[in-house]
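These are my notebook entries on the structure shown below. I recorded what I looked up, entry by entry.

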Amino acid sequence: MTASVLVNAAWLQGHLDDVVLLDATVDRRTEPDGTTVFVSGLALHTERRIPGAHFADLMAGFSDPEAPFPFTRPSSDHIAAHARELGIGRDSTVVVYDRLTGAWAARVWWVLRSAGITRVRVLDGGLTAWEAAQLPVTEGRETPPSPGDVVAAPAREHFTDLDRMRRIADADDPTPAVCALRRTEYLGDPARPRSGHIPRTTNLPYADLLGPHHTLDPARTARLAHEHGLRQGAGTVLYCGGAINAAGLALALHEIGIDDVVLYDGSLSEWRAHPELPLATGRP
């Protein structure tokens, strides 16, 4: 088994002075036309946060703001530079949380890991679990930290690309691939253009792995992973809409010892942007 990267609220309360605490919250909004947009979570962070937490900018700091698709992984040097701005040093222990399901925090964990920054933990249940434990919150921004000295380091491949997914969809690559979206989103609707999933991929929704207060349930994860044939050594590719829920699934699988997955970074945001690429609806 791999060592757990999850910490609970009680542990964090006792180690607030020993860690670099990051709030990875992103604000999700619905436009009048029904479309979903993502904006910086800074306003939510300053409204209510765990004491000592700094805002981790997942929109720009830990993503490439110049990329055509949101949440695209930036270069390792870009990742390390933002990490230093947040006060992360070579010997720092980092804890990341968010205020939703933990997938945003998992994405920051995964991105940092891909740049060789590995002393990173995730608060299980995030702000929801912290508040459920009746622990204090505060408002406003923390005093900016002194710059850290962490640097990017070599790491195994954590991401894959469109060409690889094309080969999987065409059955030219036998690597298993799993969509982490909810079942209804995976199944799609034949009447709705460009809905559904990438052909030859299965579905394990990240949301199905969560227990009370958005905490991960390793027993449930292990059972569902077994039912889906997921195993260490397969190099399974995970994807979703924008590789956020996929990061949550990667974290859940890490907790049961499946630690060699990769994320399709463009996910359906990129796949759907190519009208020539097929999407399947219904059960595979």
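With which side chain does the side chain of Thr201 make a polar contact? I noted that the model is predicted, and then turned to this residue.

Entry on Thr201. I found the side chain of Thr201 in polar contact with the side chain of Tyr239, at 2.8 Å. I located Thr201 in the loop between α7 (183-187) and β10 (202-203). I looked up its relative accessibility, which is 1%; Thr201 therefore counts as buried, the cut-off being under 20%. Leaving out residues up to four places away in sequence, I listed the residues that Thr201 touches as Met165, Ala177, Tyr186, Tyr239 and Pro284.

Entry on α3 and α4. I next examined helix α3 (residues 76-85) and helix α4 (residues 103-114), whose axes come within 9 Å and cross at roughly 120 degrees. I recorded the crossing of α3 past α4 as left-handed. On the α3 side, the contact is made by Ser76, Ile79 and Ala83, and on the α4 side by Val111, Leu112 and Ser114.

Entry on α9. I asked how many residues of helix α9 (residues 245-254) are buried. Nine of the 10 are, so I described α9 as largely enclosed by the rest of the structure. I wrote down the buried residues of α9 as Ala246, Ala247, Gly248, Leu249, Ala250, Leu251, Ala252, Leu253 and His254.

How values were computed:
Residues are numbered from 1 along each chain as its sequence is written. This is a predicted model: local features need pLDDT of at least 70, side-chain atom pairs count only at pLDDT 80 or more; totals for chains, interfaces and linings use all residues. Side-chain values use heavy atoms; hydrogens and water are left out. Axes are lines fitted to C-alpha atoms, for helices over the stretch in contact, and angles run from 0 to 180 degrees between N-to-C directions. Helices (H or I, at least four residues) and strands (E, at least two) are DSSP runs, numbered from the N terminus. A crossing is left-handed if the near helix is turned anticlockwise from the far one by less than a right angle, and right-handed if clockwise. Contact means heavy atoms within 4.5 Å. Buried means under 20% relative accessible area, exposed over 50%, partly exposed in between (1.4 Å probe, protein chains only). A polar contact is a pair of N or O atoms within 3.5 Å; within protein, one must be able to donate a hydrogen and the other to accept it, and residues adjacent in sequence count only if both atoms are side-chain atoms.
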